[in-house]
Amino acid sequence: MIAVSPGTLQRATTPTQSVASLAARRAGSVAEASALAAAGPGAQLLATRHISPDRMATCAIAQGLPA
């Protein structure tokens with residue numbers, strides 16, 4: 001597990017913007033911001049947020065630079 005601070009989420013620039021995410025976490029997309037932060041500096045999104053059919057979960061995929 002990789003912990004991502006609220007400030008890191010809020011500073012991330014995300015291609016999608018969720019009204020619910022902005023209201024709850026002040027982040028355009030928690031899934032995208034988390035994926036980018038966990039993948040490290042210079043990371044790029046491979047897939048923007050996907051919302052589950054029941055709207056109970058979201059995910060996004062990011063790839064970091066090689067070490």
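Colleague: Leaving aside neighbours within four places in sequence, which residues is S29 in contact with?

Modeller: S29 is in contact with T14, T16, S21 and R49, where contact means heavy atoms within 4.5 Å. This is a predicted model, in which local features need pLDDT of at least 70, side-chain atom pairs count only at pLDDT 80 or more, and totals for chains, interfaces and linings use all residues. Residues are numbered from 1 along each chain as its sequence is written, and side-chain values use heavy atoms, with hydrogens and water left out.

Colleague: Is S29 buried or exposed?

Modeller: S29 is buried, at a relative accessible area of 1%. Buried means under 20% relative accessible area, exposed over 50%, and partly exposed in between (1.4 Å probe, protein chains only).

Colleague: And where is S29 placed?

Modeller: S29 lies in the loop between α2 (19–25) and α3 (30–39). Helices (H or I, at least four residues) and strands (E, at least two) are DSSP runs, numbered from the N terminus.

Colleague: Which residues of α3 are buried, and what covers them?

Modeller: The buried ones are A31, E32, A33, A35 and L36. Their cover includes α1 (6–11), β1 and β2.

Colleague: What follows α3?

Modeller: G40 does, with a positive phi near 95°.

Colleague: Turning to the strands, how many bridges join β1 to β2?

Modeller: Five bridges join β1 (residues 44–51) to β2 (residues 58–63), and the two run antiparallel. Strands pair if DSSP finds at least two bridges between them. Within this hairpin, six residues separate the strands, and R55 in the turn has a positive phi of about 60°.

Colleague: What is the bridge partner of H50 in β2?

Modeller: That partner is C59, while I51 stands opposite T58.
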